[in-house]
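Good morning, and thank you for joining. I shall present the arrangement of strands and helix in one model; please look at the display first.

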Amino acid sequence: AYFSIWHPEDQSNNEVRIPCTLGYWFNYRGSSLNCTYHIRSCDAVRHFKNDIYMTCRLVQYVAKKLGVKPGVLTMWIGSFHVFKSEKWKIKQKD
């Protein structure tokens with residue numbers, strides 16, 4: 001099953017923030033509910049951890065409703081980025 005978050009009409013309203021999440025693909029394999037999370041853009045500093053947490057909770061919720069166990073989470077991110085103003089928040093190798 002695919003749970004779509006983004007819809008074409010989202011880009012026609014300039015006053016509303018366009019969702020970064022595109023959708024969730026749930027597939028049942030080997031007695032587990034797996035999920036591939038499609039996201040067009042993700043801020044590594046501010047949103048990445050929350051996106052993972054919320055997706056895991058969504059998978060747990062759906063799996064419980066279906067009476068199966070949660071499986072593997074795969075995440076596809078089109079643009080994984082850090083804004084210049086927050087670059088200092090990430091560790092950098094010398």
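Strand 3, residues 32-43, and strand 4 run parallel and are joined by 10 bridges. Cys35, for example, has Leu73 of strand 4 as its bridge partner. Strands here are DSSP runs of E of at least two residues, and helices are runs of H or I of at least four, numbered from the N terminus; two strands pair if DSSP finds at least two bridges between them.

A word on the source: this is a predicted model, in which local features need pLDDT of at least 70 and side-chain atom pairs count only at pLDDT 80 or more, while totals for chains, interfaces and linings use all residues. Residues are numbered from 1 along each chain as its sequence is written, and side-chain values use heavy atoms, with hydrogens and water left out.

The open sheet holds 4 strands in the order 1-2-3-4, with mixed pairing. Strand 1 (2-4) and strand 4 (69-81) are the edges; each has a single partner strand, so one side of each lacks a neighbour in the sheet.

Which residues of helix 1 are buried? They are Asp51, Thr55, Val59 and Ala63, buried meaning under 20% relative accessible area and exposed over 50%, with partly exposed in between (1.4 Å probe, protein chains only). These residues cover an arc of only 95 degrees around the axis, and therefore lie on the same side of helix 1; the arc is taken from the directions from the helix axis to the C-beta atoms. On the other side, Lys49, Met54, Tyr61, Lys64 and Lys65 are exposed.
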